[in-house]
Amino acid sequence: MNNKGFFYYEIKQGDTIYKLTKEFETSVDRIICANPNINIYNLKIGNKIIIPVGNIVDNSEYYNSEKIKNDLNNLLIIYPFLEIKSIGKSELGKEIYCIKIGNGNKKIFYNGSFHANELITTNILMQYIEQYSRAFVENKKIYNYNAKELFYDTSLYIIPLVNPDGVDLVTGSLLDVDSAYQNAKNIADNFPNIPFPQGWKANINGVDLNLQFPAEWEKAKEIKYAQGFDKPAPRDFVGYGPLTAKESKAIYEFTLKHNFSLVISYHTQGQVIYWDFQNINPPNGKQIGERFSEVSGYKFADVPYNSSFAGYKDWFILKYNKPGYTIEAGLGNNPIPIEQFYKIYEENIGILTLGLVL
Ligand SMILES: [Zn+2]
C-alpha cells in the first residue's frame, strides 16, 4: 500500500517503540494516537501497527473530489479523533465533506472553494486540518496557541471543498468526453471572454454558489442580470431562485443545524477581508476583522456594492448578527498557481487560529 503520511509495519524481534520512532523519524505520541487499540509499550512479534511519517496533505498540487476523499480517509487513520462526514452531495453526486476538530462548546465554521477556480483555498484548509491535528497529538502550539487548549475549548468545522464538481472541471479531472463537461462547455460558449475552464467559478450547472443565499438575493439578481449574467454562466449567475443549487442548499442547512459563533469563507484573490453586510455590523465583527487584518497584512474593507448581496457571509450576518468573513486570499489571477501555496498559507495561519480564539 502506498499512502503518504503513514505505513503499516509488522513488529519484528528486537523492535521497541523507541527504536521505531528513531528509525522512521516519527514520535511516540503520533504512534500512540494512530494505534489506539495497541499497547505500544508491550509490542509482540507479528503485531501490525500504523507508523505515521511526514505529512498526508501535499501542497504541490490542487485537490479534486477524488484526492480529497483519499486524504480525508488517510487523515482519519492517523488522527482518529477527527470526525469526518458528508453534509450532502453536489449536482454530480460527489460528497461534500465536513471535518470536525475539537470538542469545545464554541463552534466555528470555515469553508473553501465555493468558487471553482479559487481551489487553492481547499489546500489552505486541508493544510490547517493536518497542522492542527499534529500539534494536538504532539502537544505543541499552533500560531502561539496551545493546540490542546484550542481543541478542548472549541469545535472547529471545516468544509474544505464546497464545489467539488466545479473544481473537477477546472483541474481537468472531469474528462471532456463526460456529458457534464460538454454541458459546461456549452454554457461557457455563451461567454467567450471568460477562459474555459480556468475562468469557471460556478457549480457544474453554471450557478454561482456564493450568489445563492437569501440576503437580498433579488438585488443580486438585478445587478448580475444587468451585467449580462442572466442565464447559466461560468460565474455571476445567481440561479433561478435562492438555494436552488444543491451545494449552496447543503451549506445553508448545515449552518442552520449549528450555532456558530463565527464563520469564514475562503476565496481568492485580492488580499482583502470583507466583514459587513449592508448596515449590519455584528458585535465584535469589526474588532476581530481588524485583528485578522493585522496578522495577515490583508486590507480590511467594505464589500464593493455590486458584490454585496446574496453571499454566504452576507446571509450569516443577516440571519445571526454574528461575525462572518469573506477572505480573499492571495494575489494574482485565478486559479492562483499552487507554487504560491506556502506564502498564502503563512499569511493566513494567524487568521485561522485567531478565528478560534477571538
Ligand atoms: Zn470567490
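Predicted model: local features only at pLDDT ≥ 70, side-chain atom pairs only at ≥ 80, totals over all residues.
**Whole chain.** Start with everything shown as a cartoon. The protein chain holds 12 helices and 12 strands. Its C-alpha trace spans about 75 × 50 × 35 Å along the principal axes. How does the radius of gyration compare with that of a compact globule? For 358 residues such a globule would have a value near 21 Å, and the protein chain has 21 Å, so the two agree. Of the 358 residues, 46% count as buried. Among contacts with a separation of 6 or more, 79% are between residues 24 or more positions apart.

**The sheet.** Next, select the strands β3, β4, β8, β5, β9, β12, β10 and β11. In that order, these 8 strands form an open sheet with mixed pairing. At its edges are β3 (83–89) and β11 (299–301), each of which pairs on one side only. Neighbouring strands of this sheet are turned against each other by 20 degrees on average, direction ignored.

Zoom in on residues 272–274, which are strand β10, and residues 324–329, which are strand β12. The pair is antiparallel and has 3 bridges. Which residue of β12 is the bridge partner of V272? Show the side chains of V272 and E328: E328 is that partner.

**Two domains.** Zoom out and colour by domain. The assignment gives domain 1 as residues 6–52, and domain 2 as residues 65–165 together with 245–357. Taken over C-alpha atoms, the centres of domain 1 and domain 2 are separated by 34 Å.

**Where the domains touch.** How many residues of each domain are in contact with the other? Domain 1 contributes 9 residues and domain 2 contributes 7. To see the side that belongs to domain 1, select α2 (28–34) and β2 (48–52), the elements that give two or more residues to it. Helix α2 gives the most to this side, with 4 residues. Colour this side of domain 1 by residue class to finish: 6 residues are nonpolar, 1 is polar and 2 are charged.

Conventions:
Residues numbered from 1 in each chain as written. Pairing = 2+ DSSP bridges. Axes fitted to C-alpha atoms, helices over the stretch in contact; angles between N-to-C directions. Rg over C-alpha atoms; globule rule 2.2 N^0.38 Å. Buried ≥ 20, exposed ≤ 12 C-beta atoms within 10 Å, placed from the backbone. Contact = placed C-beta atoms within 7 Å. Domains from an automatic or database assignment. Nonpolar A, V, L, I, M, F, W, Y, C, P; charged D, E, K, R; others polar.
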